[in-house]
Amino acid sequence: VEVADASAKATLVLWNEDVWLMERNGWERNDVLELRRVEARNFNPLELHSSMLSEFVATGERTAIPKNRQSPTAFSQLREGMEADAVGRVAEVGELRAFERNGKKGQVLNAVILDDSGAQAGLVLWDYYAEYCNKRLKVGDALKLEAFSVRKNPGLELQSTWRSHLVIEPAKHSLQSREDIMADMSQFLVLSRE
């Protein structure tokens, strides 16, 4: 995880249970954390590692550290080849599928998400996020996608990469309420069946 304070940036390396702690607590980009008992293992570039004694306390603040804060990008502004942050509501969730390619096994989960304008994008979740979202992701959920790769296949598609982070029901977002978007989606789905 890339972290920063007013003086410098660092890489926070999470091990074992600390990885799941990040997911369970729904940490998002620009959350402010107090890091206790982490080990500095490299100083150029600075690398901080968690250990059995480490503690991470979310202060409840969100701030613009570092100053080059990245805001979610509207679907209409997404272009192939970008790495982008986006927010949307889940319109459809597919089945978890296993595959094998070049002797390596993996998993993929496809979904469709909508932004407030009604624009839709395919969502492709690979391996860890495919498994993580398989039973957790529901139609109507708000998603915050951080550092997702933008592709055209043939329509707009957001794919998870090793750098990606996904938050289900983020603390702050600009999306319509679940009820409003669900009503819009049900009308869309009824029209699409005719």
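**Entry 1**

Buried means under 20% relative accessible area, exposed over 50%, and partly exposed in between, with a 1.4 Å probe and protein chains only. As background, nonpolar side chains in soluble globular proteins tend to be buried together.

I then listed the contacts of leucine 125, leaving aside neighbours within four places in sequence: Gln107, Val108, Leu109, Ala130, Cys133, Leu137, Phe148, Ser160 and Leu166. Contact means heavy atoms within 4.5 Å.

**Entry 2: provenance and confidence**

I note that this is a predicted model, in which local features need pLDDT of at least 70 and side-chain atom pairs count only at pLDDT 80 or more, while totals for chains, interfaces and linings use all residues. Residues are numbered from 1 along each chain as its sequence is written, and side-chain values use heavy atoms, with hydrogens and water left out.

The average pLDDT (the predictor's confidence in each residue, from 0 to 100) is 82, and 83% of the residues score at least 70. Over residues 65–69 it does so, and the model has 8 contacts beyond four places in sequence for them.

**Entry 3: overall counts**

I counted 3 helices and 13 strands in the protein. Helices (H or I, at least four residues) and strands (E, at least two) are DSSP runs, numbered from the N terminus. Of the 194 residues, 35% count as buried. Among contacts between residues at least 6 apart in sequence, 57% join residues at least 24 apart. The protein exposes about 12000 Å², of which carbon and sulfur atoms supply 50%; the areas come from the Shrake-Rupley method with a 1.4 Å probe, and for residues only the protein chains shown count as cover.

**Entry 4: strand S7**

Strand S7 (residues 83–93) has 8 of its 11 residues buried, so it is largely enclosed by the rest of the structure. Its pairing with strand S11 (residues 142–152) is antiparallel over 6 bridges; two strands pair if DSSP finds at least two bridges between them. The partner of glycine 88 in S11 is leucine 143. S7 also runs antiparallel to strand S9 (residues 104–114), with 4 bridges, and there valine 90 is bridged to isoleucine 113.

I checked valine 93, which lies in S7. Valine 93 is partly exposed, at 28% relative accessible area. Beyond four places in sequence, valine 93 is in contact with Leu109, Asn110, Ala111 and Leu137.

**Entry 5: helix H2**

In H2 I found Tyr129, Ala130, Tyr132 and Cys133 buried. Their cover includes helix H1 (17–25), S9, S10 and strand S13 (165–168).

**Entry 6: the open sheet**

I traced an open sheet of 4 strands in the order S1-S2-S5-S4, with mixed pairing. Strand S1 (2–4) and strand S4 (39–43) are at the edges with a single partner strand each, so one side of each has no neighbour in the sheet. From one strand to the next the twist averages 35°; axes are lines fitted to C-alpha atoms, for helices over the stretch in contact, and angles run from 0 to 180 degrees between N-to-C directions. S4 and strand S5 (residues 46–49) pair antiparallel over 4 bridges, and asparagine 42 has glutamate 47 in S5 as its bridge partner.

**Entry 7: backbone exceptions**

Most residues other than glycine have a negative phi, and most peptide bonds are trans. I looked for departures. The bond joining asparagine 44 and proline 45 is cis, with omega about 5°; proline 45 sits in the loop between S4 and S5. The bond from asparagine 153 to proline 154 is cis too, with omega near -15°, and proline 154 lies in the loop between S11 and S12.

Asparagine 16 has a positive phi, near 50°, and counts as exposed at 62% relative accessibility. Arginine 37 has a phi near 55° and counts as partly exposed at 47%.
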